[in-house]
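Please look over the structure shown here. The report below covers its aromatic ring pairs and one of its helices.

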Amino acid sequence: MINVQAKKENGHYKSFHINGHAMYAEAGSDIVCAAVSALVINTINAMDELADEQLQVTTNEETGFIRCVFTGKPSEKSILLMDALLLGLDGISKQYGEKFLQVKFEEV
């Protein structure tokens, strides 16, 4: 299962992390993993390239781990990109089921 956790502090995104593999299908054929990966990687790249956001990103491809930390207060562009990411991930979770993808929010 893929677990997603987004953290906010005082209503502002602080970080998010993704961990695990969906196990919806065999590696290389898992459409849930592919969809999640595409959304997450595109969002991080867009925040970097289009919003000039300063991010600390840590990954481990084997375990399916990606952690993205905002080093400052996110810009309006990054907030919109994060909202879109979480909307997309929530949609995948609803369509394929929480046994493959769970999305959680935490206010710290």
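Predicted model: local features only at pLDDT ≥ 70, side-chain atom pairs only at ≥ 80, totals over all residues.

Residues are numbered from 1 along each chain as its sequence is written, and side-chain values use heavy atoms, leaving out hydrogens and water.

**Aromatic pairs**

Rings of Phe, Tyr and Trp (its six-membered ring) pair if their centres lie within 6.5 Å; planes under 30 degrees apart are stacked, over 60 edge-to-face, and the rest tilted. The count is 2 aromatic pairs.

| Pair | Centre distance | Plane angle | Class |
|---|---|---|---|
| Tyr-24 and Tyr-96 | 5.2 Å | 80 degrees | edge-to-face |
| Tyr-24 and Phe-100 | 5.0 Å | 80 degrees | edge-to-face |

Helices (H or I, at least four residues) and strands (E, at least two) are DSSP runs, numbered from the N terminus. Tyr-24 lies in the loop between strand 2 (12-19) and helix 1 (31-49), and Tyr-96 in helix 2 (residues 76-96), so their pair ties together parts 72 residues apart in sequence. Phe-100 sits in the loop between helix 2 and strand 5 (101-107), 76 residues from Tyr-24. Ring pairs join Tyr-24, Tyr-96 and Phe-100 into a cluster.

How accessible are these rings' residues? Buried means under 20% relative accessible area, exposed over 50%, and partly exposed in between (1.4 Å probe, protein chains only). Tyr-24 is partly exposed at 35%. Tyr-96 is partly exposed at 27%. Phe-100 is buried at 13%.

**Helix 2**

Helix 2 has 21 residues. From first C-alpha to last it reaches 30 Å, close to the 30 Å expected at 1.5 Å a residue. That expected span is 1.5 Å times one less than the number of residues.

Which residues of helix 2 are buried? They are Ser-78, Met-82, Leu-85, Leu-86, Leu-89, Ile-92 and Ser-93. Seen down the axis of helix 2, these buried residues fall within an arc of 120 degrees (taken from the directions from the helix axis to the C-beta atoms), so they line one face. An α-helix has 3.6 residues a turn, so residues three or four places apart point the same way.

The buried residues of helix 2 pack against strand 1 (2-9), strand 2, helix 1, strand 4 (65-70) and strand 5. Contact here means heavy atoms within 4.5 Å. The face turned away from the buried side of helix 2 carries the exposed residues Glu-76, Lys-77, Leu-80, Leu-87, Lys-94 and Gln-95. Just after helix 2, Gly-97 takes a positive phi of about 105 degrees.
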